Amino acid sequence: MKVVVVKYNAGNIASVANTLNRLGVEPIISDDAETLRTSDKVIFPGVGEASSAMNYLRERGLDVVLKSLTQPVMGICLGMQLLCASSEENETECLGILPYRARKFPGGGLKVPHMGWNTVSDLQQPLFEGIASEEYFYFVHGYYVETGKQTIAICTYGETFSAAIHHANCYAVQFHPEKSGIAGKRILENFLRL
Amino acid sequence: MLAKRIIPCLDVKDGRTVKGTNFVGLRDAGDPVELAESYSAQGADELVFLDISATNDGRKTFAGLVGEIARKINIPFTVGGGISSAGDIGALLDVGADKVSINSAAVRQPALIEAAARNFGSQCVVLAVDAKRTSDGWRVYMNGGRIATELDAVAWIKRGVELGAGEILLTSMNADGTRDGFELELTREVSESVSVPIIASGGAGSMDDFADVLVRGKADAALAASVFHYGQIGIPELKSFLKMRGVEVRI
């Protein structure tokens, strides 16, 4: 199986590659359009800031490539937000694959970024197969994607937001499966099995 | 619910884990890779790995260890010690660190916090502050506690957050290694002063100490070294204890 991790300026690529290696997969780390198009699975990781990441993707034509993919794609954290229509982070127009807007946590009494292990619930198959409701996953983010018809897991931190979304060939998770211990490993296994 | 985090800390010198008291009197505490794997398996929520090597050879060994540990654990991993440029940060993230902890270099050059946040995102910038109680409040120390600065700890932390730090690792030098309990008042004051998470460090001796700093001290996470390294407190039993005390923890 050919698994490509998208190489760009906001990827936590080492962590994702390490976890895939532990699952017996040697990912190809690439920003080449043809390599992405001919892969079986694409993982789109991300930590960092939305507008600079989008600029980087557009400058290299990766926005067009990502929108054209038909095989299973998994966006992680910022990757999830970049798959959305837009983000409140520096008013960024994103890829528009998921019909949502990433919103800023209002703060108030809550610490922002939302950082640490939080429970998720309302879990749907097949991505969450084998995972019990109220399992903990590791989150680090200052923006969140609202809930909607395509939400396949929710998390509550002040607001209730989408912990995961599934739309057509796209899966997206707000938490970091590569940093979420055994449960996170299971999510990646489930994705690779799609 | 968001869980409070329990974080073992590995101070590494020339490839070995060490631990002292009040920042001096180092003792060997084992192989860092073995300890990291064991803590990850026992349910640690995160690991902090600090390089206290004095030599360049020691630093190279450290970078190698960071990569080795990152390949073996699947929980968040913060590294620090001797970081003085955005280039240093990029190199550590490239070998698999998730966050970096900046201490003395941020005091000498506050713009480093800004540069780090801009280049890599606030979520990976941990401002580490070593504070010592003086007659006129809590003073920031640098160079592993060897050099006093003019900075007031709370004021410096507020500034650090404005510059882009995404988390604070607050160590009380007075409490460090004593096992007499965390510094509750300072931790609570800092936690209430800034909007980012606070990791309390220094002084863990009993399971009650952890409950105290997470509840009364309002810390988001508690970090300790010797009680874990020497087997005085096991992470699973600590988490069961905290849960019984009504603290949200990941079990």
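Modeller: A salt bridge is counted when a side-chain nitrogen of Lys or Arg lies within 4 Å of a carboxyl oxygen of Asp or Glu. The model is a predicted one, and across the interface of chain A and chain B that rule finds two salt bridges.

Biologist: What makes the pair B:Asp220 and A:Lys111 a salt bridge?

Modeller: The closest N and O atoms of A:Lys111 and B:Asp220 are 3.3 Å apart, and the rule asks for a Lys or Arg nitrogen within 4 Å of an Asp or Glu oxygen, so the pair is called a salt bridge. Side chains of opposite charge can pair when their charged atoms come close.

Biologist: How many salt bridges are there over all chains, and why does the pair of B:Glu46 and B:Arg5 count as one?

Modeller: The count over all chains comes to 18. For B:Glu46 and B:Arg5 the N to O distance is 2.8 Å, which is set against the cut-off of 4 Å, and therefore the pair is counted.

Biologist: How do you know how much area chain A and chain B bury between them?

Modeller: The size of an interface is often given as the accessible area lost when the parts come together. Summed over both chains, that comes to about 2300 Å² for chain A and chain B, 52% of it on carbon and sulfur atoms. Of the area that chain A buries against chain B, 31% is supplied by A:Lys111, A:Met115 and A:Trp117, more than by any other three residues.

Biologist: Which residues are said to be in contact, and how many does each chain give?

Modeller: With heavy atoms within 4.5 Å as the criterion, the contact takes 25 residues from chain A and 36 residues from chain B. Between the two chains, 19 residue pairs are in polar contact, both residues being at pLDDT 80 or more. On the side of chain A that touches chain B, the elements α1 (13-22), β8 (114-120), β9 (135-141) and α6 (181-192) of chain A each supply at least two residues, and the largest share, six residues, comes from β8(A). The residues of that side divide into 12 nonpolar, nine polar and four charged.

Biologist: What makes a space in this structure a cavity, and how many of 30 Å³ or more does it hold?

Modeller: A space is called a cavity because a 1.4 Å probe fits there but cannot get out, and the structure holds one such space of 30 Å³ or more. About 30 Å³ lies in the largest cavity, whose lining includes B:Leu170, B:Phe182, B:Glu183 and B:Ser201. Two or more lining residues come from each of β10 (167-172), α7 (184-193) and β11 (198-201) of chain B, and the lining divides into four nonpolar, three polar and one charged.

Biologist: Which peptide bond is cis with omega near 10°, and where does A:Pro126 sit?

Modeller: The bond from A:Val112 to A:Pro113 is cis, with omega near 10°, and A:Pro113 lies in the loop between β7 (98-104) and β8 of chain A. A:Pro126 is in the loop between β8 and β9 of chain A, and a cis peptide bond with omega about -5° joins A:Gln125 to A:Pro126.

Definitions and conventions. Residues are numbered from 1 along each chain as its sequence is written. Chains are lettered from A and ligands numbered from 1 in the order in which they are written. This is a predicted model: local features need pLDDT of at least 70, side-chain atom pairs count only at pLDDT 80 or more; totals for chains, interfaces and linings use all residues. Side-chain values use heavy atoms; hydrogens and water are left out. Buried area is the accessible area (1.4 Å probe) that two parts lose on being put together, summed over both. A polar contact is a pair of N or O atoms within 3.5 Å; within protein, one must be able to donate a hydrogen and the other to accept it, and residues adjacent in sequence count only if both atoms are side-chain atoms. Helices (H or I, at least four residues) and strands (E, at least two) are DSSP runs, numbered from the N terminus. Ala, Val, Leu, Ile, Met, Phe, Trp, Tyr, Cys and Pro count as nonpolar, Asp, Glu, Lys and Arg as charged, and the others, Gly among them, as polar. On a 1 Å grid over the protein atoms alone, a cavity is a set of points where a 1.4 Å probe fits but cannot get out, and a pocket is an open set with protein on both sides within 12 Å along at least five of seven lines; lining residues have an atom within 4 Å of a point. Grid points are joined across faces, edges and corners, and a volume is the space filled by probe spheres set on the points.
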